[in-house]
Amino acid sequence: MPQLPSRRRLLRLTAAAAAVPLLEPATTATAAVPAPGPLAAPAAYPGGPTGTTGSALPVPETWTVRPFPLDAVRLGEGTFRSKRDLMLEYARAYPADRILAVFRANAGLDTLGAQPPGGWETSDGNLRGHYGGHFLTLLAQAYADTREAELKAKLDYLVTALGECQEALAEHGSPRPSHPGYLAAYPETQFILLESYTTYPTIWAPYYTCHKIMRGLLDAHTLAGDERALEIASKMGDWVHSRLGRLPKAQLERMWSIYIAGEYGGMNEVMADLYALTGRAEHLAAARCFDNTALLEACSQDRDILEGKHANQHIPQFTGYLRLFDHTGEDTYAEAARNFWGMVVGPRTYSLGGTGQGEMFRARGAIAATLDDKNAETCATYNMLKLSRHLFFHDQNPAYMDYYERALTNQILASRRDSRSTGSPEVTYFVGMGPGVRRDYGNTGTCCGGTGMENHTKYQDSVYFRSADGRALYVNLYLAATLEWPEKGFVVSQTSDFPDEGASTLTVVEGSGRLDLKLRVPDWATRGFTVTVNGVRQPGRAVPGSYLTVSRRWARGDRVRVSAPFGLRIEKAPDDPAVQSLFYGPVLLVARSAEPTFRSFSFYKDFTLRGDLADAVRPEGRPMHFTSHGLVLAPFHIGDDSQYHAYFKRSEPVIVFGSADSGVPNRDRGDGRAFLDLVWDRAPFSTSGRFVRAVRALAGEWLSEGLLTRSERDRVVSAAARADLRT
């Protein structure tokens with residue numbers, strides 16, 4: 001069956017984010033690995049935390065941990081802030097009237113001579129208007145972060161103009177909309193055609209566009225306090241209910257099953273959020289109209305039917321289901337979201353944290369088989385991060401934040417070109433994982449251009465969380481950021497060079513009192529994870545993939561030093577263990593090479609008794625850069641357009657120890673692990689004698705299993721004895 005063209009391909013064809021003394025020095029530290037458990041029972045919405053610039057969404061009692069307002073956390077100096085600053089420059093400079101051009105034209109208003117942004121955002125584009133929604137979110141996030149009056153003025157200008165468009169459409173739209181709350185950059189025709197099952201590309205995801213506009217308006221309200229934005233969004237919600245509330249469930253389900261035309265982004269999420277702000281039953285009822293029942297039920301039963309489905313069409317639906325769980329208490333929604341996450345993270349995740357090939361989910365475990373130049377659509381990763389974050393609010397499974405760090409540090413940080421631009425967001429669409437590919441930047445007017453604007457102005461949103469009772473502070477990410485927590489009187493500053501090193505210092509700048517400090521122990525932190533408080537090392541076993549709790553009465557000036565040394569490590573593709581990626585701590589390293597086929601890497605011949613990849617992969621002279629096999633290995637998050645290899649072919653054909661070659665094939669045991677893998681799993685070896693004994697023992701096991709002959713066993717042991725490996 002031929003595959004329909006991706007939106008990216010269509011674009012190419014059509015378009016040429018009080019001082020007190022130390023009262024209690026005693027400190028306790030405990031480690032725990034929270035297991036996924038049942039979600040909290042639903043409850044009424046209390047007032048949530050409110051930032052200094054906006055009116056935050058009410059926080060449901062189903063959330064056992066809660067985020068801080070975006071404006072309560074400020075990025076410190078470093079790579080993340082540098083990327084953010086590039087996007088802030090774009091936000092300040094890009095003309096608001098260009099964003100508004102398509103809306104004003106549709107409403108019959110003067111466009112003031114402005115041209116649409118381009119890309120999919122053209123005067124006749126079937127997705128026009130979506131980019132404007134993202135731009136609202138960009139400005140709202142940027143203002144919450146910086147409190148720059150210039151950004152607030154531009155945001156208010158956009159919101160006011162959109163309100164004028166909504167009013168003009170209601171009064172004299174051509175054709176006049178079915179409800180006065182309608183707001184879009186094109187007539188209502190696309191929505192009407194969807195109800196008769198018209199397919200893409202005749203129509204192009206009308207509710208997706210609606211979601212982006214509504215989300216941008218709600219962000220303008222919740223992050224920047226714009227009351228007019230809430231009024232406009234509420235009217236839009238009324239219009240959504242007026243169209244969908246009258247349709248039979250079977251018709252809705254068929255609509256949402258249509259490839260791209262039925263894509264609705266996070267409409268269920270934004271309608272649930274709107275309900276949280278308005279309390280209007282129609283808004284919650286409209287949210288439930290977006291149940292994609294067949295997939296929802298399959299995922300709630302942990303049946304994986306994702307193969308062949310459009311990835312970003314479905315990912316945001318599951319964040320919406322979690323929000324519906326918050327309101328309804330129906331566990332089917334929560335179970336589906338948890339299970340869906342597990343179907344994507346791991347089985348369908350490339351080493352950088354992204355998913356999908358050509359926008360589509362492929363078979364479970366098909367990683368090596370799908371590597372090319374169009375993997376990992378960036379906005380799919382945007383939505384996976386959002387889903388991971390919301391799952392963690394309900395269930396503090398560290399795996400959610402381990403994934404969050406991986407995808408944020410590698411794909412998202414890598415998705416912004418490291419150069420200035422005021423005319424383009426300079427972000428990626430697909431991020432190829434095949435050999436010799438390069439990243440393409442730009443994407444004005446595309447879906448990934450829109451989410452890309454958001455990505456780089458909200459890096460700080462998941463650095464810190466708090467427990468629902470306010471007794472614990474979660475430190476999820478070790479990047480430089482300062483938290484202001486007025487309800488507790490704390491100001492906590494984190495200094496760090498992450499992602500260039502695995503050390504961080506948290507300082508209590510203001511405040512005092514008892515608090516459980518929950519420090520994430522990353523799953524990659526296998527070389528140790530140590531914590532000191534005011535120079536005193538804390539007890540407790542730090543288990544990779546858990547949180548370490550430091551309980552204490554804190555005082556101003558207290559300093560917590562966290563150290564998680566980076567080390568070189570490899571990760572194997574599940575469908576071909578010889579296809580591997582190389583990491584330094586959490587950072588994906590890519591080989592700079594234009595060769596269009598896999599490069600072959602062999603490491604074991606260079607190993608010493610310590611059994612460390614550092615014996616074969618050596619520093620290149622610049623921070624975080626290495627060399628191996630004559631190639632430069634660089635952090636993937638460097639935003640340039642050089643060609644690279646994110647995966648290589650591991651070739652260890654013969655059992656060799658240093659210069660001692662046994663001549664015996666390095667056979668696979670059948671589980672993707674060969675003899676040399678198992679030998680070096682036992683490293684480090686303190687002496688050559690211990691090394692030889694380990695080889696002899698393993699060779700004996702393989703002889704008994706029929707994997708080595710007697711002659712081969714003897715040659716392997718002899719080679720180990722001859723090897724002169726350094727310690």
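**Entry 1: a helix pair.** I take a helix axis as a line fitted to C-alpha atoms over the stretch in contact, with angles running from 0 to 180 degrees between N-to-C directions. The model I am reading is predicted. With that convention I examined helix α13 (residues 311-328) and helix α14 (residues 331-344), whose axes approach within 8 Å and cross at roughly 150°. I recorded the crossing of α13 past α14 as left-handed. On the α13 side I listed I315, F318, Y321, L322, L324, F325 and T328, which meet D331, Y333, A334, A336, A337 and F340 of α14. Sorted by class, the residues of this contact are 11 nonpolar, 1 polar and 1 charged.

**Entry 2: helix α12.** I next asked which residues of helix α12 (residues 293-300) are buried. Just after α12, I noted a positive phi of about 60° at D302.

Entry 3: I checked both faces of strand β6 (residues 464-467) and found them covered. Y464 and R466 lie on one side, F465 and S467 on the other, and all are buried. The general rule is that side chains in a regular strand alternate between the two faces of the sheet. I then followed the pairing. Strand β2 (residues 65-67) pairs with β6 in the antiparallel sense over 3 bridges, and R66 stands opposite R466. Strand β7 (residues 472-475) is also antiparallel to β6 and is joined to β6 by 3 bridges; here Y464 has V475 as its bridge partner. The hairpin of β6 and β7 has 4 residues between the strands, and G470 in this hairpin takes a positive phi near 75°.

**Entry 4: the seven-stranded sheet.** I traced an open sheet of 7 strands in the order β3-β8-β9-β10-β15-β12-β13, with antiparallel pairing.

**Entry 5: aromatic pairs.** I counted 49 aromatic pairs in the structure. For W120 and W204 the ring centres are 5.1 Å apart and the planes meet at 55°, so I classed the pair as tilted. W120 is in the loop between α3 (96-106) and α4 (130-146), and W204 in the loop between α6 (189-194) and α7 (206-224); the pair therefore ties together parts that are 84 residues apart in sequence. Are these two residues buried or exposed? Buried means under 20% relative accessible area; W120, at 3% relative accessibility, therefore counts as buried, and so does W204 at 8%.

I also looked up F392 and F465, a tilted pair with 5.8 Å from centre to centre and 40° between the planes. This pair links distant parts of the chain, with F392 in helix α15 (residues 378-394) and F465 in strand β6, 73 residues apart. F392 and F465 are both buried. Finally, I noted one aromatic cluster formed by Y182, Y186, F191, Y207, W239, W256, Y264 and F290.

**Entry 6: backbone details in loops.** I searched for cis peptide bonds and noted the one from Y200 to P201, with omega near 10°. P201 is placed in the loop between α6 and α7. A cis peptide bond also joins F498 and P499, with omega about 10°, and P499 is in the loop between β9 (490-496) and β10.

I then turned to positive phi values in residues other than glycine. Y197 has a phi near 70°, lies in the loop between α6 and α7, and is partly exposed at 24% relative accessibility. N534 has a phi near 50°, lies in the loop between β12 (530-533) and β13, and counts as partly exposed at 37%.

**Entry 7: a distance across the model.** I located R541 in the loop between β13 and β14 (546-554). At 65% relative accessibility, R541 counts as exposed. I noted 42 Å between the C-alpha atoms of R541 and G265, which are 276 residues apart along the chain.

Note on methods: Residues are numbered from 1 along each chain as its sequence is written. This is a predicted model: local features need pLDDT of at least 70, side-chain atom pairs count only at pLDDT 80 or more; totals for chains, interfaces and linings use all residues. Side-chain values use heavy atoms; hydrogens and water are left out. Buried means under 20% relative accessible area, exposed over 50%, partly exposed in between (1.4 Å probe, protein chains only). Helices (H or I, at least four residues) and strands (E, at least two) are DSSP runs, numbered from the N terminus. Two strands pair if DSSP finds at least two bridges between them. A crossing is left-handed if the near helix is turned anticlockwise from the far one by less than a right angle, and right-handed if clockwise. Contact means heavy atoms within 4.5 Å. Ala, Val, Leu, Ile, Met, Phe, Trp, Tyr, Cys and Pro count as nonpolar, Asp, Glu, Lys and Arg as charged, and the others, Gly among them, as polar. Rings of Phe, Tyr and Trp (its six-membered ring) pair if their centres lie within 6.5 Å; planes under 30 degrees apart count as stacked, over 60 as edge-to-face and the rest as tilted.
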